[in-house]
Amino acid sequence: MHELSLSSAIVNTVVKHAGGRRVTVVELRVGKLRQVIPGTLEFYFEFVARDTVCDGARLVQQVIAARLHCRQCDHEWEIEIPAFRCPACSGSDVEIASGDEFQVESITVEEPPAAALRDRPGADLGKEAECIAQR
């Protein structure tokens, strides 16, 4: 059920960066080690997004495979179940190489009509809008 709190965090992050514009797509990178059920995350995202700029937005999830890296022999492999022993050298000095990601990769927003942009104080129509968020 942690998908509900994850969905709330996604919506809060997206709302902060959308600048009041309607969001149409939210793209995520979700590592398998996060144990997120994609369908459940999507369900709660739709629920939490109601009455926000994310209402009706499509959630696109890129699932990242879980990979481990052996510090001893430099071998890297993909895992399905957490077995933290290197299959090449049987060493246990391993680190997670991928699979623990949970990040909003990008958002797609609707731009207001040009007339609405012209009416904004200090509007410069010669520049494209940018949204840069720290990861």
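**Contacts, helix packing and cysteines in a predicted model**

Arg67 touches Glu76, Trp77, Glu78, Glu95, Ile96, Ala97 and Ser98, when residues up to four places away in sequence are not counted and contact is taken as heavy atoms within 4.5 Å. The structure is a predicted model, in which local features need pLDDT of at least 70, side-chain atom pairs count only at pLDDT 80 or more, and totals for chains, interfaces and linings use all residues. Residues are numbered from 1 along each chain as its sequence is written, and side-chain values use heavy atoms, with hydrogens and water left out.

Arg67 lies in strand E3, where helices (H or I, at least four residues) and strands (E, at least two) are DSSP runs numbered from the N terminus. With a relative accessibility of 27%, Arg67 counts as partly exposed; in this scheme buried means under 20% relative accessible area, exposed means over 50%, and partly exposed lies in between, for a 1.4 Å probe and protein chains only. Arg67 and Glu95, which are 28 residues apart in sequence, are 8.8 Å apart in space, C-alpha to C-alpha.

Strand E3 (residues 66-70) also holds Leu68, which is buried at a relative accessible area of 0%. Beyond its neighbours within four places in sequence, Leu68 is in contact with His75, Glu76, Trp77, Ile79, Ala83, Phe84, Glu95, Ile96 and Ala97. The C-alpha atoms of Leu68 and Gly99 are separated by 8.7 Å, although the two residues are 31 residues apart along the chain.

The protein chain as a whole contains 3 helices and 6 strands, arranged along the sequence in the pattern α-β-α-β-β-β-β-β-α. Of the 135 residues in the protein chain, 27% are buried. Among contacts between residues at least 6 apart in sequence, 70% join residues at least 24 apart.

Val63 is placed in strand E2 and is partly exposed, with a relative accessible area of 46%.

Helix H1 (residues 2-18) packs with helix H2 (residues 38-49) at an angle of about 50 degrees, their axes being 8 Å apart; axes are lines fitted to C-alpha atoms, for helices over the stretch in contact, and angles run from 0 to 180 degrees between N-to-C directions. H1 is therefore oblique to H2, given that angles under 35 degrees count as roughly parallel, over 145 as roughly antiparallel, 65 to 115 as roughly perpendicular and the rest as oblique. On the H1 side, Glu3, Leu4, Leu6, Ser7, Ser8, Ile10 and Val11 meet Thr40, Leu41, Tyr44, Phe45, Phe47, Val48 and Ala49 of H2. The residues of this contact divide into 10 nonpolar, 3 polar and 1 charged, with Ala, Val, Leu, Ile, Met, Phe, Trp, Tyr, Cys and Pro counted as nonpolar, Asp, Glu, Lys and Arg as charged, and the others, Gly among them, as polar.

Most residues other than glycine have a negative phi. Asp51, however, has a positive phi of about 65 degrees although it is not a glycine. Asp51 lies in the loop between H2 and strand E2 (58-64) and is exposed, with a relative accessibility of 77%. A positive phi of about 65 degrees is also found at Ser90, again not a glycine, in the loop between strand E4 (76-79) and strand E5 (94-98); Ser90 is partly exposed at 47% relative accessible area.

A search of the whole structure finds 0 disulfides, a disulfide being a pair of cysteine sulfur atoms within 2.5 Å. The cysteine sulfur closest to that of Cys86 is in Cys73, at 3.7 Å, which is too far for a bond. Cys86 is buried at 3% relative accessibility, and Cys54 is buried with a relative accessible area of 0%.
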